[in-house]
Amino acid sequence: MDTWKKHVVSGGGWLLLGLAVAGYCQSFLAYHFFYQEQFYMFRFSKEYAVDTLWQVGGVTAYLAAFVVQFFLIPFVGPLVMGLSVVVLGWLMKNVWRKIAVSCSLPLLYLLPGICTVWACMDFNYHFDGLLSLLLALVCLNGYLRIGSFRWRMVYGAVTAWVGYLLAGPHLLLAVIAAVLWEVCCGKSRWKGGSLLLLPWGFGLPLLLYGLGWGGEWRLLATPDAYYHPLLLSQKVNYLPGIFVLLNVLVACVLHRNRKSLSGWKSWASWGIQVCLLAGIFHQGIRHYNNARNYEIKVLDYYSRTGQWQQMLDYPGLRAGQNAMHACYQNLALSHLGKLGDELFHYSQCGRWGAVISWNKTVNASMLLSDVYYQMGNLALAQEMAFEGMIASERAVNPRLLLRLIQTNLIGGNDAVAEKYISLLEETCMYAEQAGAYRRFLHHPELLRADEELGARQACIQNVSGLTNSQKAAVDLFQLVRSNPEYRPAFQYCGAICLLCKDLKSFGELMECWKQAETGYSLPVAFQEAWVFMHAGEPELWAAYGVSEAVAGRFKEYGGLVSAGRQDHSLAYRLQNRFGDTFWFYYMFTK
């Protein structure tokens, strides 16, 4: 009964630990897992399996991609991290039981799992690094359970190579740990022979390096293998392996200890260590989870899932200070149909808040693809989708493949679109979404009738010539002329003019809108700009649809400005009442 109770308490403790880690990750890191998912694309195909498995560490890479695809589902990512910390901690504890049975130091044996959570906060870190560490500890536990020195050497020799091929460099940790245990604690008179495992274990990566298979040495023998190969690996990626070896070393030092705490001393020791671990874990997350990067992950998730109002309500939105935040904000306003009416109801940071400058990163490419697609600029939307794919480590991104399906369907390239649809139909999470586009293949009449694709196709029917990001504003004006009824293009064009304070171009846009006789009224911010441009010509206000409310408010604003020209606090006095107008932005915002 005592043994049964002990197992229940132990199992309950591990369960609580896993739930605590999962709950923490869900509360503070949930959007990281959503963001990370789109940089993997697991496909249920023979071709994908062969390409992935036929490499060093291919098995764990394949399993990692399979697991990460489900991070798109809420709560899955945090639960997987909680389970990973528990399994790694349990395996590490079993190593202690085999070496120093009387000692119980959760402060040490939980650290490798905690460090893997820190490492995973960088989306350039490969999730297969965590699975590889888990396999290394499984192999080490198996080694320590073998009683015969001879059979341990056979097992060690086989797993050193086979395990390395399955999981990569983390298996070398198991080799080093096994040799360390043999030298410090082994009882066989032949234990010195275990040192041969070191050249044997490192011999395979050395052989592969000599043959030119696998690239650089650091990618064959260090944790750099589990990081973006073109980037410098972070120090945190080495911590899980360092703490595994530290655990083995400390356990070997304490293996002769026969004293163990009991009663309240044991509980107090556990409590103190767990509290220290919680503090270490939290401080590590604060250090390795960059707050500014996390804000972008939140906004990115809202964008890809169409949660536009949640984006505008997000407390971390800093549109007045950060151009990328402003770009997300204005994209949300456009999707909600409020860009022209409420442009200045929100903080703005100038022209780049409408369309950020492209810096060749995957973040900027994905955002710009979304913005250009919303504008109706299909050429640049497709270009940015390609650039985002190139910037992604694996040159694949299911989210951007969906964009390529859309742009190729609109452009009439059905064969190319079908190719991308077929690729996504091999996935689990995107198959249905991609398959829904099949009905448009070779059916242009269905595409023209579609609210999303058809409206954008009309934007490019009368547009000609090459394009690039430097011509985006010019192209946008062409899109408005091509399809004046497409409001996002018109509102984006006007918004860019107003954010740049380019009233000449804005006037040309107004003439185009007037001639087109569209079925929608002039947005409020555009009305404010029009009366500002023609302050002395009130007869033009009503002709362009300026409301009485806007006209009356402008007269009140003009009166206060005229009366307070010598007042140095004029901007402060006007901000509360007119801070949400183009007039205030034009006069007082740099």
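Predicted model: local features only at pLDDT ≥ 70, side-chain atom pairs only at ≥ 80, totals over all residues.
**Stop 1: F344 and Y585**

The model holds 44 aromatic pairs. Start with one of them: select F344 and Y585. Their rings form a tilted pair, 4.9 Å centre to centre, with 35 degrees between the planes. Now color the elements around them. F344 sits in the loop between α18 (339–342) and α19 (362–375), while Y585 belongs to helix α33 (residues 582–588). The pair therefore ties together parts that are 241 residues apart in sequence. The cut-off for buried is under 20%.

**Stop 2: F554 and W583**

F554 lies in helix α31 (residues 548–563) and W583 in helix α33, so the pair ties together parts that are 29 residues apart in sequence. Check the surface next. F554 counts as buried at 11% relative accessibility. W583 counts as buried at 0%.

**Stop 3: α31 against α32**

Keep α31 in view and show helix α32 (residues 570–578). How do the axes of α31 and α32 cross? They come within 11 Å and cross at roughly 165 degrees. An angle over 145 degrees counts as roughly antiparallel, so that is how α31 runs relative to α32. The crossing of α31 past α32 is right-handed. Show side chains to see which residues make the contact. From α31, select R553, E556, Y557, L560 and V561. From α32, select L570, L574, R577 and F578.

**Stop 4: an aromatic cluster**

Clear the view and select F490, F506, W513, Y520, F526, W530 and Y544. These residues form one aromatic cluster.

**Stop 5: charges over rings**

Two selections remain. First, pick R456 and Y373. R456 lies over the face of Y373, at 4.2 Å from the ring centre. Then pick K501 and Y586. Where does the charged end of K501 sit? It is over the ring of Y586, 5.8 Å from the centre of that ring.

Notes. Residues numbered from 1 in each chain as written. Heavy atoms only, no water. Phe/Tyr/Trp six-rings, centres within 6.5 Å; stacked < 30°, edge-to-face > 60°. Helix = DSSP H or I, 4+ residues; strand = E, 2+ residues; numbered from the N terminus. Buried < 20%, exposed > 50% of the residue type's maximum accessible area, 1.4 Å probe, protein only. Lys NZ or Arg CZ within 6 Å of the ring centre and 35° of its normal. Axes fitted to C-alpha atoms, helices over the stretch in contact; angles between N-to-C directions. Parallel < 35°, antiparallel > 145°, perpendicular 65-115°, else oblique. Left-handed = near helix turned anticlockwise from the far one by under 90°. Contact = heavy atoms within 4.5 Å.
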